[in-house]
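Dear colleague,

Please find the structure below, handed over for your use. My notes on what was found in it follow directly after.

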Amino acid sequence: MQIQNLPLTVSESSLHERALAAASRFRSVQAELLGIIMEIDRCRLFEKLGHSSSFDYCVKRLGLSEDMACSFLSVARKSREVPQLRIAVEEGLPISKAKKIVTILTRSNGAEWIAKARENSYQKLEREIVKVLPQAKVSEKVKPISESRSKVELSLKEEDIAVLRRAQDLLSSKKGGAASLEEVLAAALREFVGRHDPVQKAARSRKNLTKHEVHKRDGGSCQARDGEGRICEQRRWLQLHHIKPRSEGGGDKPENLITLCAFHHRLFHKTTYPSYDG
């Protein structure tokens, strides 16, 4: 079934045309910069400007990111060996895709791999490369990138990737929006530790015992009182509420807990009504 595009307003059409033009200029500039970097690397111009390498020059003088500098230099050096690669970039092949095939590209297979780079998505292109040039096992790394975050690098089997993607779909459905792989892994790890960590199991046992004690004391019903002192007594959707918030030093002992229905629990946190006598 063919899906028809929705009609665009004049301003939307203009925006689309501007995006196409900018993308075309971007591809052209990438090809131009590749040629310039090839020449700088060849004649070692970076040395006369006080840089130890072409990479140092690209990062410090041209302001490229380290990843981008590596990509341009890898493609530039491979292009001296396989001129077809530079031509492909001039014809619109993104530097990022050109970089992917550098490790496998030769004069004899240049046409084949450049065609694959043009025709395939990044993920499919990686799969094609791995078929011919299996990657060495990626060592597991945990690298701090800020005071509170670290970058984790590891390799997974294809069947585990499928499970990871399925978990991502399930979590996305649950939260009503796209879930990141970070969120999926964090949720899976918390659930695994929660199920198997003896310390957390003991904590849950104590919590369940306390919950049972409070519900027994409150008769398994909501204890919210209205302005005339009438108790709600709802017996569904019950939750435990801290009379003195934990943020203010309130603990999890039964005397600081009260049974509330979900409605009154939300209402308490939004207003100062109703009052509770604990």
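**Loop residues with positive phi**

Trp-237 is exposed, at a relative accessible area of 61%; here buried means under 20% relative accessible area, exposed over 50% and partly exposed in between, with a 1.4 Å probe and protein chains only. The model is a predicted one, in which local features need pLDDT of at least 70 and side-chain atom pairs count only at pLDDT 80 or more, while totals for chains, interfaces and linings use all residues. Residues are numbered from 1 along each chain as its sequence is written, and side-chain values use heavy atoms, with hydrogens and water left out.

Trp-237 lies in the loop between helix H11 (198-217) and strand S3 (238-242); helices (H or I, at least four residues) and strands (E, at least two) are DSSP runs numbered from the N terminus. The phi of Trp-237 is near 55°, a positive value in a residue other than glycine. Most residues other than glycine have a negative phi. Arg-44 likewise has a positive phi, near 55°. Arg-44 sits in the loop between H1 and helix H2 (45-48) and is partly exposed, at 43% relative accessibility.

**Nonpolar cores**

Which residues touch the most other members of the largest nonpolar core? They are Leu-34, Val-75, Leu-85 and Ile-101, in a core of 30 residues. A nonpolar core is a set of buried Ala, Val, Leu, Ile, Met, Phe, Trp, Tyr and Cys residues joined through side-chain atoms within 4.5 Å. At least two residues of this core come from each of helix H1 (10-43), helix H3 (54-60), H4, H5, helix H6 (95-100), helix H7 (110-119) and helix H8 (122-132). Apart from it lies another core, of 5 residues, among them Cys-222, Ala-224, Leu-260 and Cys-261. In soluble globular proteins, nonpolar side chains tend to be buried together.

Leaving aside neighbours within four places in sequence, Leu-85 is in contact (heavy atoms within 4.5 Å) with Val-75, Lys-78, Ser-79, Leu-93, Ala-98, Ile-101, Val-102, Leu-105 and Ile-114. Lys-78, found in helix H4, counts as buried at 13% relative accessibility. With the neighbours within four places again set aside, Lys-78 is in contact with Leu-85, Val-102 and Leu-105.

**Helix packing**

Axes are lines fitted to C-alpha atoms, for helices over the stretch in contact, and angles run from 0 to 180 degrees between N-to-C directions. Angles under 35 degrees count as roughly parallel, over 145 as roughly antiparallel, 65 to 115 as roughly perpendicular and the rest as oblique. For residue classes, Ala, Val, Leu, Ile, Met, Phe, Trp, Tyr, Cys and Pro count as nonpolar, Asp, Glu, Lys and Arg as charged, and the others, Gly among them, as polar.

- H1 with H4: the two pack at about 70°, with their axes 9 Å apart, which makes H1 roughly perpendicular to H4. Gln-30, Leu-33, Leu-34, Ile-37, Met-38, Asp-41 and Arg-42 of H1 make the contact with Phe-72, Leu-73, Val-75, Ala-76, Arg-77, Ser-79 and Arg-80 of H4. This contact of H1 with H4 has 8 nonpolar, 2 polar and 4 charged residues.
- H4 with H5: the axes of helix H4 (residues 66-81) and helix H5 (residues 83-90) come within 5 Å and cross at roughly 125°, so H4 is oblique to H5. Val-75, Lys-78, Ser-79, Arg-80 and Glu-81 in H4 meet Pro-83, Leu-85, Arg-86 and Val-89 in H5. The contact of H4 with H5 divides into 4 nonpolar, 1 polar and 4 charged residues.
- H7 with H8: these axes come within 9 Å and cross at roughly 150°, so H7 is roughly antiparallel to H8. Trp-113, Lys-116 and Ala-117 of H7 make the contact with Leu-125, Glu-128, Ile-129 and Val-132 of H8. The residues of the contact of H7 with H8 are 5 nonpolar, no polar and 2 charged.

**Cysteines**

How many disulfides does the structure hold? The number is 0, where a disulfide is a pair of cysteine sulfur atoms within 2.5 Å. The sulfur of Cys-222 is 3.8 Å from the closest cysteine sulfur, in Cys-261, and is therefore too far for a bond. Cys-222 is buried, with a relative accessible area of 0%. For Cys-70, the closest cysteine sulfur is that of Cys-58, at 9.4 Å, also too far for a bond. Cys-70 is partly exposed, at 36% relative accessible area.

With kind regards
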